[in-house]
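Here is a short report on strands, aromatic pairs and a surface patch. Please keep the structure open while you read.

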Amino acid sequence: EKDGSTTTVDGSFFNSNINFRIGKEWQRSLSERWSWYYGLDAISAAGYRNVKSKQNDNEKTTNSVQGGLGGGPVVGLQFMFNKRIGIYTEGSIYFGAAYTHLKNTFGDTGQEDEKETNFRTGLDFNLPSNIYLFIRF
């Protein structure tokens, strides 16, 4: 910098999320090892994030809280290697509603806090792009 001073940046980050899904499925046999299934899922999500940063003597803290609910139909394909071990893939279409509340505080700078709340709804199309291994106990 021109005046010979240095800039120091310091900070911390905390993030916590929980997601929950529960559903009901009905299976239909295609052969001895192959089956397909369909069903309905209900989903929920919640999260909290706290980011603190300090540049020279200017402090900024950002807190955000997120949450959402939704659900919809699922369909999947399953292959059994034996009675206990198999693989499956599934797709879904979820309708969801979510909110985010964001607050920025600026320490002793005299700058006024910033607050923002957003709400959104929408459809989420999930193609069967993953293959899962499962073991029945």
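Strands (E, at least two residues) and helices (H or I, at least four residues) are DSSP runs, numbered from the N terminus. By that rule, serine 35 sits in strand β2, residues 34-55. This is a predicted model, in which local features need pLDDT of at least 70, side-chain atom pairs count only at pLDDT 80 or more, and totals for chains, interfaces and linings use all residues. Residues are numbered from 1 along each chain as its sequence is written, and side-chain values use heavy atoms, with hydrogens and water left out.

Serine 35 is buried, at 9% relative accessibility. Buried means under 20% relative accessible area, exposed means over 50%, and partly exposed lies in between (1.4 Å probe, protein chains only). Contact means heavy atoms within 4.5 Å. Residues up to four places away in sequence aside, serine 35 touches Gln27, Arg28, Ser29, Leu30, Gly76, Leu77 and Gln78.

Serine 44 is also placed in strand β2. Serine 44 is partly exposed, at 27%. Its contacts beyond four places in sequence are Ile18, Asn19, Phe20, Gly68 and Leu69.

**Aromatic pairs**

Rings of Phe, Tyr and Trp (its six-membered ring) pair if their centres lie within 6.5 Å; planes under 30 degrees apart are stacked, over 60 edge-to-face, and the rest tilted. The whole structure holds 8 such pairs. Two are listed here.

| Pair | Type | Centre to centre | Angle between planes |
|---|---|---|---|
| Tryptophan 34 and phenylalanine 79 | tilted | 4.9 Å | 55 degrees |
| Tyrosine 37 and tyrosine 88 | edge-to-face | 6.4 Å | 65 degrees |

Tryptophan 34 lies in strand β2 and phenylalanine 79 in strand β3 (residues 58-80), so this pair ties together parts 45 residues apart in sequence. Tryptophan 34 is partly exposed at 38%, while phenylalanine 79 is buried at 17%.

Tyrosine 37 is in strand β2 and tyrosine 88 in strand β4 (residues 85-105), so that pair ties together parts 51 residues apart. Tyrosine 37 is buried at 2%. Tyrosine 88 is partly exposed at 21%. Ring pairs link Tyr37, Tyr88, Tyr132 and Phe134 into a cluster.

**Surface patch**

Phe14, Tyr48, Val65, Tyr99 and Phe119 form a nonpolar surface patch, with about 490 Å² of accessible area together. Phenylalanine 14 belongs to strand β1 (residues 9-29) and is partly exposed at 46%. Patch residues have over 30% relative accessible area and no salt bridge; nonpolar side chains (Val, Leu, Ile, Met, Phe, Trp, Tyr) are joined within 5 Å, like charges within 9 Å. A salt bridge is a side-chain nitrogen of Lys or Arg within 4 Å of a carboxyl oxygen of Asp or Glu. Accessible areas come from the Shrake-Rupley method with a 1.4 Å probe; for residues, only the protein chains shown count as cover.
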